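Here is a short report for a first look. Start with the view below, then read on.

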Amino acid sequence: MALKITYMLRETGTNLKRRISLTIAAILTISISLALFGSALLARDGVANATARWEGGIEFVIWMNPEADADQDAAIRRSLDESPAIQSSTYVSQDDALVEFQDMFMDSPDLLDAVEAADLPPSYRVVPVDPDADVVVELGSQFLNQPGVRDVVFASEAIKDIQTQADRISRGLLWVGVVLLFAAALLILNTIVVAIGARRQEIEVMKLVGASNWFIRLPFMLEGLVHGIVGAGFAVLGMVGVRRYVIDGFSESQSLALLEGLRVTDAELFNRSLWVLAIGIAVGILGSLFAVSTKLDV
Amino acid sequence: MIKLENVSKSYKGGSDAAALQNANIDIGKGEFVFLVGPSGSGKSTFIRLLNKEEDPTDGRIFVAGKDIGQLNSWKVPYLRRNIGCIFQDFKLLEKKTVAENVAFALEVIGRPRSVISKQVPAILELVGLSDKLTSFPGELSGGEQQRVSIARAFVNRPLILLADEPTGNLDPNTSVGIMRLLDRINRTGTTVVMATHDRGIVDTMRRRVVELDKGSIVRDQAQGVYE
């Protein structure tokens, strides 16, 4: 068994080194495509975090004074429930707001330490029946001067625009990533086919002396797997760079105040990295499996 | 050891004559059989069918009592571990030394390193190449290359040795040396089936001769001659 593993690793290493230019091309293609794919997923996460409070058709938020009494709160709730112009509303308590805040700023322990539930005002997130901007502003303004209300904030056109554009860009990146992944799989397939051609005589001898089918196939499949894993590894490094220099850069930008909530947590980055690694492994295995099952007659 | 029952083989798009037609033969353990006949008579097809490089169009082939037509594809390598093959063109790996070429046959079937390090020098001594362990095939004569090929085919002690024109590229004196080696291997109990055009060898050895003509067995003679 030990000899078999040593043999497999040695043959895989030899294959990779023999056609180093093809190996590099396959790894670069897979890493660029996976980096684009992963970055698109991170961008989606970032925008979702930045615009979380505006998801689900929410058009305005009624911020209550933390000191508002139960009667004032009940009056607002009754108005929202009874208004035929309002489809639904959700109450976000101070505790709920703290949980949301903790999720959003989980990578900033200093900020988390400085904020308590009492610092965060409760709110109502409102989904109107008619999302027309004028109707929404008129509807929201009715609550502005009511007792206990601190402010009414509308989902601005800018936020809607960011959601739309970010969605479009990330969808585009995803598609480019998918097309490039297909190209990477084809490149891996061709690399393995070339490897099989270069070792045709060796393979013929292996068949003659009774090497098992998988013993012949496995070094080629491991080669594809190495392409996938190394490519995915570089892609993850690229994703770390995208978060550090692009997404965090946007969130720190003073001129893009709307994007200050744009951030990707460590957990999200880890999760997306696992996705990218799994896809890299799958592409590597599928490309090489297709090559050995169609071009390697054992 | 080997039995063919009504075996026929034809190729798609080939000539009208089948490569092998309704062949019936029984070869016992430890026999030495020459397959003779003109080019295209079916000798190489016969060899390839025994090694399951090809499947018959009709009929059944038994090797060591097993119907090899019923073997799953994943079991074919295990069949081949019991069948050694040598060829006219040697099929040696040019970038491997003599010892590495022979060791390769054991390595790829998962034999432990300790076994390989014992068996390789022993088999190379048997074929008379103890002093060529680190030579590359390109540095050897044709006869020496065929000896390496025989060592590789026999190192795993197969039950059967198939030889397809093993002396086809060698001069008569070298051929005699190769035949002595095959005879020696045969005396260990290994069944040898050898396709050949070499009249001198067949007439000298006086072993069983099976003659093929246009895919049919036309003669099966004990202690026979070429024709």
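This is a predicted model: local features need pLDDT of at least 70, side-chain atom pairs count only at pLDDT 80 or more; totals for chains, interfaces and linings use all residues.

Residues are numbered from 1 along each chain as its sequence is written, with chains lettered from A and ligands numbered from 1 in the order in which they are written.

**Sheet of chain B**

Helices (H or I, at least four residues) and strands (E, at least two) are DSSP runs, numbered from the N terminus. Two strands pair if DSSP finds at least two bridges between them. In chain B, four strands form an open sheet in the order S2-S1-S4-S5, with antiparallel pairing. Strands S2 (20–27) and S5 (66–67) of chain B are the edges, and each pairs on one side only. Helix H1 (residues 43–50) of chain B packs on this sheet and touches S1 (2–9), S2 and S4 of chain B. The direction of H1 makes about 120 degrees with that of S1(B). Such angles run from 0 to 180 degrees between N-to-C directions, with axes fitted to C-alpha atoms, for helices over the stretch in contact.

| Pair | Bridges | Opposite residues |
|---|---|---|
| S9 (residues 208–213) and S10 (residues 216–221) of chain B | five | B:Val210 and B:Asp220 |

S9(B) and S10(B) form a hairpin with two residues between them. B:Lys214, in the turn, has a positive phi of about 50 degrees.

**Where the chains meet**

Residues are in contact if their C-beta atoms, placed from the backbone, lie within 7 Å. By that rule, 16 residues of chain B contact 15 residues of chain A. Helices H2 (76–80) and H3 (98–107) of chain B each supply at least two residues of the side that touches chain A.

**Chain A**

Chain A has 10 helices and four strands. Of its 298 residues, 36% are buried (20 or more other C-beta atoms within 10 Å). A:Asp119 lies in the loop between helix H5 (109–114) and strand S3 (123–128) of chain A. A:Asp119 counts as exposed (12 or fewer such atoms) because 12 other C-beta atoms lie within 10 Å; between the two limits a residue is partly exposed. A:Asp119 and A:Leu98 are 21 residues apart in sequence, and 8.8 Å apart in space, C-alpha to C-alpha.

Terms used: Two residues are in contact if their C-beta atoms, placed from the backbone, lie within 7 Å.
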